[in-house]
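Hi,

Here is the structure I promised to pass on. Please have a look at it first, and then read my notes below.

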Amino acid sequence: MAFHIKSERIREIKPMRFREGGKLHYRVKIYIDADNPDDLLKVDSVVYELHPTFRERIRVSYERTRNFEIALWTYGFFDIKAKILKADKTVDEITGYVRWT
C-alpha cells in the first residue's frame, strides 16, 4: 500500500489578505491518494500535521469520499506529515510537501 499527500489550490475562491499589508493567502485543499484506489477503502481517517506556524496544526479528516481532504488558507509552501489510520488498526505515516500552482 503506497499513499501520497496531494495538494491543489482551490481556484474558485479568490486569494485574500487577512490584514492590511499582509501576505496574499490562497485556499488550498490537501488530500491523500493511493497507487491502488481500493486501498483508500481500508482507511478510517487521516491525521495531518501542518507547519508549526499554523495555530491549529493537527487536522483530522474522516471524509473518505473526498480522499480525506482538508482545506485551509496559506500563503506559502510547507512540509506536511500524515498518519493514515486503517480499519485493521494499523497506521501508516507519510510525509509530503504542500505546493500548488
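What follows is a short tour, from the whole chain down to single side chains.

First, the ground rules. This is a predicted model, in which local features need pLDDT of at least 70, side-chain atom pairs count only at pLDDT 80 or more, and totals for chains, interfaces and linings use all residues. Residues are numbered from 1 along each chain as its sequence is written, and side-chain values use heavy atoms, with hydrogens and water left out.

**Overall picture**

The chain has 0 helices and 8 strands (DSSP runs numbered from the N terminus: H or I of at least four residues for helices, E of at least two for strands). Its C-alpha trace spans about 50 × 25 × 20 Å along the principal axes. Of the 101 residues, 35% count as buried; buried means under 20% relative accessible area, exposed over 50%, and partly exposed in between, with a 1.4 Å probe and protein chains only. The accessible surface is about 6800 Å², and 47% of that belongs to carbon and sulfur atoms (Shrake-Rupley method, 1.4 Å probe; for residues, only the protein chains shown count as cover). Among contacts (heavy atoms within 4.5 Å) with a separation of 6 or more, 55% are between residues 24 or more positions apart.

**The core**

The largest nonpolar core holds 22 residues. By that I mean buried Ala, Val, Leu, Ile, Met, Phe, Trp, Tyr and Cys residues joined through side-chain atoms within 4.5 Å. Phe3, Ile30, Ile32, Val46, Tyr48, Leu50 and Ile80 have the most contacts inside this core. Strands β1, β3, β4 (43–49), β6, β7 (78–86) and β8 (91–98) each supply at least two of its residues. In soluble globular proteins, nonpolar side chains tend to be buried together.

Which residues of β6 lie on its covered face? They are Ile70, Leu72 and Thr74, while Ala71 and Trp73 lie on the uncovered one. In a regular strand the side chains alternate between the two faces of the sheet. Strand β6 (residues 70–74) pairs with β3 (residues 24–34) in the antiparallel sense over 5 bridges; two strands count as paired if DSSP finds at least two bridges between them. Within this pairing, Trp73 is the bridge partner of Arg27.

**Charges and surface**

A search of the whole structure finds 6 salt bridges (a side-chain nitrogen of Lys or Arg within 4 Å of a carboxyl oxygen of Asp or Glu). One of them joins Lys29 and Glu8, with the closest N and O atoms 3.8 Å apart. That pair links distant parts of the chain, Lys29 being in β3 and Glu8 in β1 (residues 3–9), 21 residues apart. Lys29 is partly exposed at 23% relative accessibility, as is Glu8 at 33%. Asp39 and Lys42 form another, at 3.6 Å between the closest N and O atoms; here Asp39 is buried at 7%, whereas Lys42 is partly exposed at 41%. Arg57 and Glu49 meet at 2.8 Å, N to O.

Finally, Ile58, Val60 and Tyr62 form a nonpolar surface patch with about 330 Å² of accessible area together. Patch residues have over 30% relative accessible area and no salt bridge, with like charges joined within 9 Å and nonpolar side chains (Val, Leu, Ile, Met, Phe, Trp, Tyr) within 5 Å. Ile58 sits in strand β5 (residues 58–61).

Best wishes
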